[in-house]
Amino acid sequence: MVLPEATVRDERGGRLFDGSTLMFDPAAGGGPLADAAAERQARAFGVTNTAFHVQRALRFASALLGHPLPHLLVRIGMHNQPRRWHGGHYRLPRASLTDEPAALSCAGEIHLGGGAGFVPAPDGSRYFHAPAHNVAIICHEVGHHLCRHTADFRLNRLRPPAQQTNLKIALDEGTADVFTAILLGTPDIYGWHRAAIAEWDQRRRKLQPRWTMAHFLGGRDQDPHADGTVWASACWSAREQVVATGADAARFDTALLRGMESAGAGAGAGAGAGARAAQLTKDALTKDALNERRQFSRLLSAITRADPGLASVVLTAMAEHGIRPGASNTALKDAARADLTGEVGR
């Protein structure tokens with residue numbers, strides 16, 4: 001399916017559409033236990049379902065930013081060998097990605113697996129876990145596309161188009177999660193396929209007030225998804241507090257996205273061609289510059305600058321999660337843990 005904002009295709013071959021309709025039965029996700037007719041219905045539904053939610057997410061972001069994001073390619077049925085995959089990821093071209101297609105879009109691609117395993121349906125039946133049927137996974141990966149073309153946490157625009165990095169930091173994962181929560185209207189974004197995980201377990205990735213900088217780990221060997229939950233939860237709390245003041249939730253959403261765009265500006269913006277651009281890349285793409293973009297406080301400040309009228313509400317809500325302007329993630333983590341130690345000692 002080719003849309004103005006995105007192209008969505010199933011990479012597994014076979015004829016899914018006959019031209020008579022775009023309405024298909026989800027067929028409980030299809031999968032290896034389904035017959036051929038049900039599997040075709042499930043795969044076709046996956047394409048249309050993905051297209052609908054990708055378009056909705058991109059149009060939502062574009063309306064708040066005031067301009068469209070680059071055209072997005074979504075490939076379904078990827079990476080099913082040597083075993084089936086029920087995940088999704090966002091990929092940019094890099095020569096070292098030996099398990100990816102030879103040619104990747106320089107603007108970024110979403111890859112969704114063909115599915116694996118089953119999740120329980122409300123009626124007690126089983127639903128094959130096909131990522132193209134999972135709106136949370138779809139929206140989360142679109143969130144990475146948004147991050148790449150606004151905040152650009154890894155300064156990919158300064159790298160050669162075919163040598164970008166796919167390393168995700170906590171801010172990238174957390175922002176993709178809160179973007180998903182906004183689109184779904186719930187903080188329990190992964191509750192459909194992670195319902196068996198307790199809400200107090202960080203692996204559930206439910207955006208709730210309990211996640212603060214005291215839970216932040218940091219470091220290259222830590223899971224950015226778990227650390228990102230702290231940022232996402234703080235953003236969700238700030239959004240709820242904005243709504244509690246009587247303001248429209250869209251006002252926070254706009255501040256978030258325009259703050260991301262503002263935070264992404266600066267190094268590399270307006271760079272010339274040739275030697276000037278090459279020198280800019282050499283000067284700007286430094287360890288310090290990348291480290292600066294990891295800091296929660298930097299993006300928080302950009303959000304408050306995007307809508308100064310919301311600043312006090314946002315700052316108060318974020319502070320309850322241990323996130324404040326002007327401090328590194330490490331300093332915020334240490335302060336939050338010191339506060340917990342003080343509480344225990346009293």
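Me: How many salt bridges does the count come to?

Reply: Side chains of opposite charge can pair when their charged atoms come close. The rule here asks for a side-chain nitrogen of Lys or Arg within 4 Å of a carboxyl oxygen of Asp or Glu, and by this rule the count comes to 16 salt bridges. This is a predicted model, in which local features need pLDDT of at least 70, side-chain atom pairs count only at pLDDT 80 or more, and totals for chains, interfaces and linings use all residues. Residues are numbered from 1 along each chain as its sequence is written, and side-chain values use heavy atoms, with hydrogens and water left out.

Me: Is Asp10 buried or exposed, and with which residue does Asp10 form a salt bridge?

Reply: Buried means under 20% relative accessible area, exposed over 50%, and partly exposed in between (1.4 Å probe, protein chains only). Asp10 has 16% relative accessibility and counts as buried. Its salt bridge is with Arg12, with 2.7 Å between the closest N and O atoms. Arg12 is partly exposed, at 30%.

Me: Where do Arg205 and Asp177 lie?

Reply: Arg205 forms a salt bridge with Asp177, the closest N and O atoms being 3.0 Å apart. Arg205 is in the loop between helix 3 (170-184) and helix 4 (224-244), while Asp177 is in helix 3, so that the pair links distant parts of the chain, 28 residues apart. Arg205 is buried at 8% relative accessibility, and Asp177 is buried with a relative accessible area of 0%.

Me: How much space lies in the largest pocket?

Reply: Rolling a probe the size of a water molecule over the atoms shows where empty space is left. On a 1 Å grid over the protein atoms alone, a pocket is an open set of points where a 1.4 Å probe fits, with protein on both sides within 12 Å along at least five of seven lines; lining residues have an atom within 4 Å of a point. Grid points are joined across faces, edges and corners, and a volume is the space filled by probe spheres set on the points. The largest pocket holds about 560 Å³. It is lined by 22 residues, with Ile169, Gly218, Gly219, Arg220 and Arg294 nearest its centre. Helix 4, helix 7 (287-292) and helix 10 (329-345) each give two or more residues to this lining.

Me: Which residues are closest to the centre of the second largest pocket?

Reply: The second largest pocket has about 440 Å³ of space. Of its 19 lining residues, Gly87, Gly88, Glu141, Arg194 and His225 are closest to the centre. Strand 3 (88-91) and helix 2 (135-148) are the elements that give two or more residues to the lining.

Key: Helix = DSSP H or I, 4+ residues; strand = E, 2+ residues; numbered from the N terminus.
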